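Student: I am new to reading structures. Can you walk me through a few features, one at a time?

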Amino acid sequence: MTGQDGAKPAFAASGEGTLAANGTGAPTLWGDGTAMAGGAAPQLQGNQRRTILLVVLAVIVAAAIPTAFFNGYHLFQLTMVVVYAIAVLGLSLLIGFNGQISLGHGAFFAIGAYTTAILMANWDVPYWLTLPAAAAICAAVGFLIGLPALRLEGHYLALTTFSLAIAIPQLLKINAVSTWTGGVQGLMIDKPDAPFGLPLSGDQWLYLFSLGVGCIFYLIAWNLTRGRIGWAMMAVRDHGLAAEAMGVNLALLKTRTFAWSAMFTGVAGALSAIVVQFVAPDAYGVFVSIFLFVGLVVGGVASIGGTILGAMFIEFVPNIATQLSKAAPGAVYGVLLIAVMFLMPQGAGGFVHSLYRKFRR
Amino acid sequence: MQGFIHQVMSGIANGSIYASVALALVMIYKATHHINFAQGELATFSTFIALTLIHAGVPYWLAFLATLAISFAAGMAIERLLMRPMMNAPVLSSVGVFIGLLLVINACSGWFFGYTIKSFPSPFPNRPMLGGYVSGHELGSTALTLVVLLLVYLFFRYTRLGLAMRAAAFNPASARLVGVRVGAMLGLGWGLAAAIGSIAGMMVAPIVFLDPNMMFGILLYAFAGALLGGIDNPLGAVLGGFAVGVIENLGGAYVVGTELKLSLALVIIVSVLVVKPTGLLGRAVQSRV
């Protein structure tokens, strides 16, 4: 089934895996992503593995260095980059690898954030314990949302999740639970200190902590997309019916992918609550979902490395663009989103990967 | 009982606005099989243009017509520049372009016109009518919307151009063969949808006040209405819009409370898509493997 080096599975061959399975040859968003996801070969050669491992270690070390030199606001920004990277990674699993378009992932981000805030503010749960709780809750909610999503394809799923994104702030303001959620004003939580008396400031510790969580989740995503489940996800994306004919349990896989994706974004939301120390309903409006989507597309829809680029895009563009005008971030996002769709559908990550493949020859 | 009638009448008035936006959505869906996520933002931008004209001294109805013309032209331009190349693109590409359009227009509204909430004048007398159950504006906007919908219906049903547009949406290949310029028809469709959306914007702005994010909630209700009535059926979309307006008001008043009205729309959307995806009046679509 896998064929020679670089071949994709048979049912993904036509049109390089466009979602329009009629092989119109339309620009492929997922086809290159498949290659990027390592669909090129199920097992990497020995020295390829070593190179990738070295690159990853170098990236991690490079990411940890700023702890010593930056502080305060810049470290906060870097921490938010990590947070957004995990969130966009979750979205990438769903949209990039499984082909289900979600414009409502801000919902999971909000649920994760509120889980952490509620646990910490009401019951003094230690911050690190709230992460597994947020993960579990968001996975469950993701699974539940994935169930009706089974009946929706393409536009309709985008529409439904978009509607969810619009409705989130109102849902968070429900009076009945405002004693726990803080209602319209939201909740404030304390910044955690470095444990074991380490000589790090709160910001520095949070950054390293987020980096650690990020590494764990990137490892999970990497393994997920390179194993059998990853293959099944991509098969369902490229041609669901053929995948089902091959024995993939379509319903279970799609709902599980939704659960995985929700878990990632939920944990990112939980981290964001700890870092920002504040949650409020109006902070999780429709634009959170839209910006996550934009970050994903710009970074590369099915590119794990691209999610980091997307996260940097989400974090730094508003800061730079707001100096022009309050409206500029939206304009920049919009223009870049349209430009990427027209010119570089596989996003920055996919583009980098295709350069890499050219050089390898 | 009085309160109930109030809610129903108010629901019908709101529903007329949702019906307009839903009609615009359905028009674009019928022609391109894409859902226009940026419909609300187009309407908002048009409303801002109208306000600018009015502040510049142009009489209301002249500004109204000018805004219609500008929106029509803008819709045609957007179709030609952005949507034409995306005709055969995968779903994600077109969704991405729509979202990008939403962001750009939202940003332009904020950039050119500012984020402060502005009041928008209503052309209708501001006194209770129909025995005190509706305000002048509610009655006027409902009447205007119904007139517009009637005109659109007559246009599509009884004019050659309307027939050509319907043909282009129904079967582009065959329409081309009989000489219909499908691309131009799509452009007209977009222009018309943008113009109808701008009417909705100008009718709702006096009620909810004008700011760049005005139309998000209304867009949600319009989605619910369009899906409820059938995303490919214009009459269904209109009826769905009115139905959603009434349901929203009654539900908000008696069932879930005003704070959960948007969630009610979400529930409608999910239930319709899960129970009867084609909506009440839509045609069942069968796909071949």
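Tutor: Start with a definition. The bend at a residue is the angle between axes fitted to the seven residues ending there and the seven starting there. Keep in mind that this is a predicted model.

Student: Where does helix 14 of chain A bend, and by how much?

Tutor: It bends at Glu315(A), by about 25°. A proline, Pro318(A), follows within four residues.

Student: What length does helix 14 of chain A reach from its first C-alpha to its last?

Tutor: Its 16 residues, 306-321, reach 22 Å. That is close to the 22 Å expected at 1.5 Å a residue.

Student: Which residues of helix 14 of chain A are buried?

Tutor: Among them are Gly306(A), Phe313(A), Glu315(A) and Pro318(A). The buried residues of this helix pack against helices 4, 9, 13, 15 and 16 of chain A.

Student: Now chain B. How many helices and strands does it have?

Tutor: Chain B has 11 helices and two strands.

Student: What radius of gyration does chain B have, and what would a compact globule have?

Tutor: A compact globule of 289 residues would be near 19 Å; chain B has 19 Å, so the two agree. Buried residues make up 58% of the chain.

Student: Is Ala200(B) buried or exposed?

Tutor: Buried means under 20% relative accessible area. Ala200(B) has 1% relative accessibility, so it counts as buried. Ala200(B) lies in helix 8 of chain B. Beyond its sequence neighbours up to four places away, Ala200(B) touches Ile17(B), Ser20(B) and Val21(B).

Methods. Residues are numbered from 1 along each chain as its sequence is written. Chains are lettered from A and ligands numbered from 1 in the order in which they are written. This is a predicted model: local features need pLDDT of at least 70, side-chain atom pairs count only at pLDDT 80 or more; totals for chains, interfaces and linings use all residues. Side-chain values use heavy atoms; hydrogens and water are left out. Buried means under 20% relative accessible area, exposed over 50%, partly exposed in between (1.4 Å probe, protein chains only). Contact means heavy atoms within 4.5 Å. The expected span of a helix is 1.5 Å times one less than its number of residues. The radius of gyration is taken over C-alpha atoms; the globule rule is 2.2 Å times the number of residues to the power 0.38.
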